[in-house]
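Please examine the sequence and the three-dimensional view shown below. The paragraphs that follow lead through the model step by step.

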Amino acid sequence: MENSIMVIGAFLAAGIAIGLAAVGASIGNGLVTSKFIEGISRQPEAKGTLLVNMLISVGLIEAVPIIATVIAIVLLYANPLLK
C-alpha cells in the first residue's frame, strides 16, 4: 500500500513539475518576444543586438522545462524511495 502511494505521488509530482515549467516558460517567452518587438519598434537600428539578446534569453528560458523534465524522469525512474 505504501509503495502505491509513493508511485502515485511521484506521478503527480512529475506531472505538476512539467506542467508548471511549461506554463512558466511560455509566459517568459511571450514577455521576452513582446519586449523584443517593442524594442525594434523604438530603435530599428538596434535589431541585430536585440535579436542576439532575445535568442540567448529564449534559450535560457527553454532550459527550465528541460531541467523540469529531467527532474520528473528522476522522480519516476530513479527514485530511491521506490524499491
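The structure holds two salt bridges, a salt bridge being a side-chain nitrogen of Lys or Arg within 4 Å of a carboxyl oxygen of Asp or Glu. This is a predicted model, in which local features need pLDDT of at least 70 and side-chain atom pairs count only at pLDDT 80 or more, while totals for chains, interfaces and linings use all residues. Residues are numbered from 1 along each chain as its sequence is written, and side-chain values use heavy atoms, with hydrogens and water left out.

Because Lys-35 and Glu-38 are three residues apart in helix 1, about one helical turn separates them. Glu-38 and Arg-42 also both lie in helix 1, four residues apart, which is about one turn of the helix.

A residue is called buried under 20% relative accessible area, exposed over 50%, and partly exposed in between (1.4 Å probe, protein chains only). Lys-35 has a relative accessible area of 54% and is therefore exposed. Arg-42, at 65%, is exposed, whereas Glu-38, at 33%, is partly exposed.

Other positions in helix 1 may be read in the same terms. Leu-20 is found in this helix, which comprises residues 2-42, and it counts as exposed because its relative accessibility is 60%. Together with Ile-8, Leu-12 and Ile-16, Leu-20 makes a nonpolar surface patch of about 430 Å². Patches are made of residues with over 30% relative accessible area and no salt bridge; like charges are joined within 9 Å, and nonpolar side chains (Val, Leu, Ile, Met, Phe, Trp, Tyr) within 5 Å. The accessible areas come from the Shrake-Rupley method with a 1.4 Å probe, and for residues only the protein chains shown count as cover.

Is Asn-29 buried or exposed? Asn-29, also in helix 1, has a relative accessible area of 17% and is therefore buried. Leaving aside neighbours within four places in sequence, Asn-29 is in contact (heavy atoms within 4.5 Å) with Val-58, Ile-61 and Glu-62. Ile-61 is among the buried residues of helix 2, with Met-54, Pro-65, Ala-68 and Ala-72. What covers the buried residues of helix 2 includes helix 1.

Helix 2 itself has 31 residues (residues 47-77). The expected span of a helix is 1.5 Å times one less than its number of residues; helix 2 should therefore span 45 Å, and its end C-alpha atoms are 45 Å apart, which agrees.

Finally, an unreviewed UniProt entry places the feature "transmembrane region" at residues 6-29 and 50-78; such positions are given in the numbering used here, feature names are shortened, and annotations may be inferred rather than shown by experiment. In the model, residues 6-29 are 100% helix and 0% strand, with end C-alpha atoms 34 Å apart. Strands (E, at least two residues) are likewise DSSP runs. Residues 50-78 are 97% helix and 0% strand, and their end C-alpha atoms lie 41 Å apart.
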